[in-house]
Amino acid sequence: MMKSTGELIKRKEIQKCAFGLFVSLGIAYVVLLYLYRFLFPDVIHLEMEVAYSAIFLYLFSLISIFVFFRVLQTTPKFITMFYLINKTLRLLISIGVILLYGLFFPETMKQFSLGFFLLYLITLVFESRHFFLLESKMKNKNENK
């Protein structure tokens, strides 16, 4: 069965965004590990927590990208509402993760929160930039037709 041009473009955009986000989070993870060694030499057990945070934020972003394309295909007039709900949900879930971590590991909450916040910002900026560029590309394509 042949794929339509729209499906191929969608798949290509999802792959491009997923790979870019993966690389960005990987670089941020390595940088955070080095920062932790210099800023907090007494705390050495945060490697896995930061890795889990990066994986969580990566998966949340992937789900957001899939939902973005689904909303764009089915009801494009609700795309602004999707942006608002996506950012709010991301913020609330992230606050919940930080609070849960603080309940179980209060001694390293400050260090974890710093790393989680930096990863949160990276995924937020990357995803927002990708959505903005994709929407502007689509608007230009529609104006040229």
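**Contacts, core and rings**

Visitor: Which residues does leucine 119 touch, not counting residues up to four places away in sequence?
Guide: This is a predicted model. Contact here means heavy atoms within 4.5 Å. With residues up to four places away not counted, leucine 119 touches Leu25, Ala28, Leu32, Val50, Ser53, Ala54 and Leu57.

Visitor: Which residues touch the most other members of the largest nonpolar core?
Guide: Leucine 119 turns up again here. The core has 32 residues. Those touching the most other members are Phe68 and Leu119.

Visitor: Which elements give two or more residues to this core, the largest nonpolar one, and which gives the most?
Guide: Phe68 and Leu119 touch the most other members of this core. H1, H2, helix H3 (79–104) and helix H4 (109–144) each give two or more residues to it. With 10 residues, the element that gives the most is H2.

Visitor: What separates the C-alpha atoms of isoleucine 14 and leucine 62?
Guide: Isoleucine 14 lies in helix H1, residues 5–39. Leaving aside neighbours within four places, isoleucine 14 is in contact with Ile65, Phe66 and Phe69. Along the chain, isoleucine 14 and leucine 62 are 48 residues apart. Between their C-alpha atoms, the separation is 8.2 Å.

Visitor: Is isoleucine 14 buried or exposed?
Guide: The cut-off for buried is under 20% relative accessible area. Isoleucine 14 has 8%, so it is buried.

Visitor: The rings of phenylalanine 56 and phenylalanine 116 pair up; what kind of pair is it?
Guide: The count comes to 12 aromatic pairs. In this one, the ring centres lie 6.4 Å apart and the planes are at 20°. Planes under 30 degrees apart count as stacked. The pair is therefore stacked.

Visitor: How many residues apart are phenylalanine 56 and phenylalanine 116?
Guide: The pair links distant parts of the chain. Phenylalanine 56 is in helix H2 and phenylalanine 116 is in helix H4. Their separation in residues is 60.

Visitor: What is the angle between the planes of tyrosine 83 and phenylalanine 131?
Guide: These two form an aromatic pair, 5.9 Å centre to centre. Tyrosine 83 is in helix H3 and phenylalanine 131 is in helix H4, 48 residues apart. The pair is tilted, and the angle between its planes is 35°.

Visitor: Which residues form one aromatic cluster?
Guide: Rings pair if their centres lie within 6.5 Å. Phenylalanine 56 and phenylalanine 116 have centres 6.4 Å apart. Both belong to one cluster: Phe56, Phe60, Tyr101, Phe105, Phe112 and Phe116.

Visitor: What share of the protein's residues count as buried?
Guide: The protein has 145 residues. Being buried takes a relative accessible area under 20%. The share that counts as buried is 37%.

Conventions:
Residues numbered from 1 in each chain as written. Predicted model: local features only at pLDDT ≥ 70, side-chain atom pairs only at ≥ 80, totals over all residues. Heavy atoms only, no water. Buried < 20%, exposed > 50% of the residue type's maximum accessible area, 1.4 Å probe, protein only. Helix = DSSP H or I, 4+ residues; strand = E, 2+ residues; numbered from the N terminus. Core = buried A, V, L, I, M, F, W, Y, C linked by side-chain atoms within 4.5 Å. Phe/Tyr/Trp six-rings, centres within 6.5 Å; stacked < 30°, edge-to-face > 60°.
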